[in-house]
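Look at the sequence and the structure shown here. Then work through the questions.

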Amino acid sequence: MKRTITALFAIIMLLCMAVNAVSAAANQTVFLPGGDVYTLNGRQQKMDAVTFIENSRVFVPVRYLAYACGVRDGGISWDDFSRTVTLQGENQVLALQAGSNQLVTVDGPVEMDVVPQVISGRMYLPARWVAQYFGYTVEWDEPGNAVLVYLPVDGKPQVIPTQLILLVNKVQGLPEDFQTGPLVNFGTYQVSALLQQPLQQLYDTAAQQGIQITMTSAYRSYTEQKALFDEHARLYGLSVTEATVAPPGHGEHQTGLAVDIAGSDAAYRWLETNCPRFGFILRYPRGKEYITGYAYEPWHFRYVGVPVATFMQEKGISTLEEYLRIYAGQ
Ligand SMILES: [Zn+2]
């Protein structure tokens, strides 16, 4: 450890000598835990990763936290060998290493009460420690469930209300005024336009690997969901139906973001393992009935986007309910 720290000092000193100060603009940034969007100076933008909360600490993917602190692309450098990131701002340089609680500055190391993490090959930094070092205030906005990063002289940035991930289950129904986004045809079914490309990629990859899958359901309207529920209840009784079919207004199929994909046991295993890299999660996993409210459904997949799906897989979180509660502070 001592040698690593010495090496980091050397890197920092070299940077100070060699790199001209990267001029920085003061930024006002809003990060929304659990989601893959952030707002930089009033403009909401997509990230290719998520902001998350763990043990009451907010973690932000390094690139976006750097931007928030006025560090430009040229001021971010990553050393693969030591898994260390160096951030060069206008007047400050600091280095952080994955798994180390040392925040290394020109004045010496500062001990943090948290460590940077690498998830899916990407570095996440503790927002507060880093931003404060660059002179920024970090504040939790309770009503907006958001993290504000700003310079005290500029005042607080505004939180734009954003629906990050639509949670639909037995407890939480769709809002009365819920509007399905644009739908597109996929085979003989309809899905949200958001799914078209990732679903096609999933199908193509499955085919390339000799996995046979068939879609058996996708978008269902409120009326169709009601008809399905009533028919099921007539045939199998209400208690069986409640464990397996969503009541109208509480079904993910109404969002256009869920698909049922049938296949062999091997196909189901393949889907469960591989669907996150296309942005899908197995929505009703085995053994989680007490959380999801539904029996295991190896065929039902919900689109949440690649950043969230891969994050959940890497962290071993198998339900959306747990993800939102543990990592999104909801
Ligand atoms: Zn389904």
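Some questions and answers on this structure follow.

Q: What kind of model is this, and from which number are residues counted along each chain?
A: This is a predicted model, in which local features need pLDDT of at least 70, side-chain atom pairs count only at pLDDT 80 or more, and totals for chains, interfaces and linings use all residues. Along each chain, as its sequence is written, residues are numbered from 1.

Q: How far apart do the C-alpha centres of domain 1 and domain 2 lie?
A: The protein chain is divided into domain 1 (2–154) and domain 2 (183–327); such bounds come from an automatic or database domain assignment. Between the C-alpha centres of domain 1 and domain 2, the distance is 36 Å.

Q: Which residues of helix 10 are buried?
A: Helices are DSSP runs of H or I with at least four residues, strands are runs of E with at least two, and both are numbered from the N terminus. A residue is buried if 20 or more other C-beta atoms, placed from the backbone, lie within 10 Å of its own. In helix 10 (residues 320–327), the buried residues are Leu320, Tyr323 and Tyr327.

Q: Why do the buried residues of helix 10 line one face of the helix?
A: An α-helix has 3.6 residues a turn, so residues three or four places apart point the same way. The arc is taken from the directions from the helix axis to the C-beta atoms. Seen down the axis of helix 10, the buried residues line one face because they fall within an arc of 70°.

Q: Which residue in strand 3 is the bridge partner of Val37?
A: Strand 2 (residues 37–40) and strand 3 (residues 43–46) run antiparallel and are joined by four bridges. In strand 3, the partner of Val37 is Lys46.

Definitions and conventions. Two strands pair if DSSP finds at least two bridges between them. A residue is buried if 20 or more other C-beta atoms lie within 10 Å of its own, exposed if 12 or fewer, and partly exposed in between; C-beta atoms are placed from the backbone.
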